[in-house]
Amino acid sequence: MNGNSMIKAVVENDMCIGCGMCAAQSKTNAIQMKINQFGFYVANVSETDTDTYNDDCIKVCPFNPNPDDKVKTENEIADLFLKQASNHHNKIGRYINTYAGYSIEHRLNSSSGGIATYTLTELMRRGEIQHVISVKAGPNTAHYQYTISSTIDELASAAKTKYYPVTLADTLKDINKLDGKVAIVGVACFIKAIRLAQVHDPIFNAKIGFLIGIICGGVKSAFFAEYLSSKAGVAADEFKQPEFRIKDHDSTASDYSFGCLDKNNIHQTIKMRMVGDMWGTGLFKANACDYCDDVTTELADLSVGDAWLEPYVQDGRGHNVLVTRSALADDIIKSGITNGALVIEELAECRFLASQQGSYNHRHDGLAYRIKHGRTDKDAIPIKRFDTKLRSPLLMLIQSMRMNSRRKSLEIWQSEKSSSSFDNKMKKHLFWLKLFTRLNHYQRAILRRINKAI
C-alpha cells in the first residue's frame, strides 16, 4: 500500500485529525484539506495522482498506523528532540519542571493564565524566533485559521483558546520562504505531526525554533460552535466571531461563557454551565481523539493548560499549569519569575497529575477498552503505550456510552442544526451516561475515604 492509499485508509477509518501536514509536505496538489460532512478537516487525496513522493506524506501523519521504529511512539520522538529534559513520568513525558501561575501582562486577555502569549513575546524579544504560526480569526466562513504573526503586536489577536477545526496545510507549505525561525502553537496531534516532519525533512527542521503545546481535551467539530451559537439564540448559519472562553473575573475559572455576533452584529452570550458537560460526554469530538494517549502535549518545548486545581480554579481571571521540556523554555519561565513579569510557583509532580486527572482517567485508563470495542479497525490505530484493562463493569459501560454519545452528537447535528431539537434527541443518550458517571464519582469518593481511614 503506497502513501496515498494509507492516508485514504486513515481518513476512511475516521482517524484523520486534519492537521494538514501530509498536504504541506506534498510536492504536488495531490492532497487537499477539506471540511467533511461532520465538520472536521480531513485529507482529500486525488484519485489520479501517482507521484511517488507522496509515499513520504504518510510518515508525517500523527495517526500513521505503521510508523518507523525510531518514531514508533511519543517516547521515541521525545528522545530525539527533548534531550535536555532529564525528568520523565509515563503520564507527563520528558520534562524539566512543572509550574502553575500566570502572566501579569497577558492574563486578562487570554483563556487562562496568558503563559503562551508571554512566552511567544519573549521568544521574539530575544530574537530566538522571527515568526509565530498560531490560530487567529479568519473569514466569517472559516471563523478561525492558522496564520503567521511577524511582530509582537500581531500576537495579541492569537490569544485565547478556539475550539474550532483548523489545519496547518496552507501556512506550512511556504514556511521555507519565511526569513528566520518560526514558533508554532498546537494541540498534541499537531505538535506530533510537526516533530515527524522535522525528522523526515531537514530543511523544515531547521526552520522550527520552538513549539508550544496546548494541553487538549479533544478536537471539536465545527458543529460545536454551531450548537453553542444556537444555544445563545443565534441561528447556526448566521453566527460570526465565536468566542469560546469569555471569563467572569468575579467568579470561578470554570464559570466562563460562549459568545458570538448575530446577523445584526449584536453580541449574544450564554454561560457554559447552562449548556452542560461538553467534554466528559464527548459531544462533537473527533474519533481520533479517543485513540490519543498524549494528555500533556509531550513533544512541545513548553506545554500549557488550564489549572483545574485548587486553589487556582477559584480565580476567574485564570491560571495555567505548564511543563517545560527544553532549557530555553525553562529559562524563559524562570527569568519571568525573577523580573516579576510572571506570578509562578513550582508545582509538585503529583499536583500536576491531579490537575489533569479526568483526562488521564478517560484517555489512558479507558484506551484499551475503546480499542477493543470501538468501531475503528484495530489495524488503523497506531501503537499505544497504555493497556490498562478495565475491571469495573460501570467503567466499561461509561466508556461505551461516551463512544455512542460522541458518534450520535455528530449524526444528529448533521441533520438538525437546532439546539432544542438536538437536545431532545440526545436526551436519552446523555441521561444514562450522566447518571452512571455520577455513580462512578460517588464510588471513587467512597473508596478514597475508605483508603484514608485505613
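Which residue forms a salt bridge with Asp306? In this predicted model, the partner of Asp306 is Arg245, and the closest N and O atoms of the two are 2.8 Å apart. The pair links distant parts of the chain, since Asp306 belongs to strand S13 (residues 302–306) and Arg245 to strand S10 (residues 240–246), 61 residues apart. Asp306 has 17% relative accessibility and therefore counts as buried, the limit for that class being under 20%. Arg245 is buried as well, with a relative accessible area of 4%.

The count of salt bridges comes to 23. In general terms, side chains of opposite charge can pair when their charged atoms come close. Another pair consists of Lys417 and Glu226, whose side chains meet at 2.7 Å, N to O. Lys417 counts as partly exposed because its relative accessibility is 33%, whereas Glu226 is buried, with a relative accessible area of 15%.

## A pair within a network

A salt bridge also joins Glu74 and Arg385, with 3.7 Å between the closest N and O atoms. Glu74 is part of helix H3 (residues 74–81), and Arg385 is part of the loop between helix H14 (367–373) and H15, so the pair connects parts that are 311 residues apart in sequence. Both Glu74 and Arg385 are buried.

These two residues also take part in a network. Through salt bridges that share partners, Glu74, Lys192, Asp293, Glu298 and Arg385 are joined into one network.

## The nonpolar cores

The largest nonpolar core contains 96 residues, and Ile17 and Met21 have the most contacts inside it. Helix H7 (residues 188–200) makes the greatest contribution to this core, giving seven residues. When residues up to four places away in sequence are not counted, Met21 touches Val60, Leu172, Ala193, Ile194, Ala197 and Phe204.

Another core lies apart from the largest one. This other core has 22 residues, including Val132, Phe210, Leu302 and Ile332.

## The surroundings of Leu433

Leu433 is found in helix H16. With 1% relative accessibility, Leu433 counts as buried. Which residues is Leu433 in contact with, leaving aside its neighbours within four places in sequence? They are Thr281, Ile398, Met401, Arg402 and Ser405.

Leu433 and Arg402 are 31 residues apart in sequence, and their C-alpha atoms are 7.2 Å apart in space.

## The second largest pocket

The second largest pocket holds about 440 Å³ of space. Its lining is made up of 21 residues, of which Asp14, Asn287, Arg375, Arg406 and Arg407 are the closest to the centre of the pocket. Helix H1 (3–12) and helix H15 (393–416) are the elements that give two or more residues to this lining. H15 gives the most, with seven residues.

Terms used:
Residues numbered from 1 in each chain as written. Predicted model: local features only at pLDDT ≥ 70, side-chain atom pairs only at ≥ 80, totals over all residues. Heavy atoms only, no water. 1 Å grid on protein atoms, 1.4 Å probe; cavity = no way out; pocket = protein on both sides within 12 Å on 5 of 7 lines; lining within 4 Å. Points joined across faces, edges and corners; volume = space filled by probe spheres on them. Helix = DSSP H or I, 4+ residues; strand = E, 2+ residues; numbered from the N terminus. Salt bridge = Lys/Arg side-chain N within 4 Å of Asp/Glu carboxyl O. Buried < 20%, exposed > 50% of the residue type's maximum accessible area, 1.4 Å probe, protein only. Contact = heavy atoms within 4.5 Å. Core = buried A, V, L, I, M, F, W, Y, C linked by side-chain atoms within 4.5 Å.
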